[in-house]
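Below is a short note for a colleague who will be looking at the model alongside the text.

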Amino acid sequence: MKKIIIASLFLTFCFKSYSQQVQGQAVKTNVNITKQRDLELKPESSTINIPLKTDLTKYKKIVLSVEGWAKKANEKDIRNALKQSIFIVEKKDYKKGKTKMNSDTLYFFWNRSADHDDRNTTIIVRDSDMKVLYSASHTNVGRAKMLDFILSI
């Protein structure tokens, strides 16, 4: 009986040692490297559909609605950028039919789409009556440049 127990312990120890050695070995694999394609970007462009004519200093708060490509990342970056403005950025997003409309609040709509390599962004700013105060379309323009109209107030 002692011989069986000793033999089984010896085999268990040998097996564990072997398996640790096997796990530590590097495995050689061939990785096919594909040629990366060149980016084919359209030139940077901005179109102001409805220019900003309203004095925005009478507004105190801003509510966001961010849609489209990379929604969470864009929303986080826009919120952080708008904290540098004169407006208080509301914690809740705009929800159609659910958001209480206030006369001292701006409603900021951001929609970004990805078309191949290009990034197309539409920005619309509305008042509490849903009247469009500002509207612009951008292609391959940086976020800071797009938000300059509201951050420079």
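1. Buried means under 20% relative accessible area, exposed over 50%, and partly exposed in between, with a 1.4 Å probe and protein chains only. Phe-149 is buried at a relative accessible area of 15%, and Tyr-134 is buried as well, at 6%. This is a predicted model, in which local features need pLDDT of at least 70 and side-chain atom pairs count only at pLDDT 80 or more, while totals for chains, interfaces and linings use all residues. Residues are numbered from 1 along each chain as its sequence is written, and side-chain values use heavy atoms, with hydrogens and water left out.

2. Rings of Phe, Tyr and Trp (its six-membered ring) pair if their centres lie within 6.5 Å, and planes under 30 degrees apart count as stacked, over 60 as edge-to-face and the rest as tilted. The whole structure holds 3 aromatic pairs. One of them, Tyr-94 with Phe-109, is edge-to-face, at 5.1 Å centre to centre and 75° between the planes. Tyr-94 is buried, with a relative accessible area of 17%, and Phe-109 is likewise buried, with a relative accessible area of 17%. The pair of Tyr-134 and Phe-149 is stacked, because the ring centres are 3.9 Å apart and the planes stand at 20°. Ring pairs also join Tyr-94, Tyr-107 and Phe-109 into a cluster.

3. A charge sits over a ring if NZ of Lys or CZ of Arg is within 6 Å of the ring centre and within 35 degrees of the ring normal. Arg-126 has its charged end over the ring of Phe-109, 5.8 Å from the centre, and Arg-119 lies over the face of Trp-69, 4.0 Å from the ring centre.

4. Strands (E, at least two residues) are DSSP runs numbered from the N terminus, and two strands pair if DSSP finds at least two bridges between them. S2 (residues 61-68) and S4 (residues 105-115) pair in the parallel sense over 8 bridges, with Glu-67 opposite Asn-111 in S4. S4 pairs with S5 (residues 118-126) in the antiparallel sense over 9 bridges, and Arg-119 in S5 is the bridge partner of Ala-114. The hairpin of S4 and S5 has 2 residues between the strands, and His-116 takes a positive phi near 55° there.

How values were computed: Helix = DSSP H or I, 4+ residues; strand = E, 2+ residues; numbered from the N terminus.
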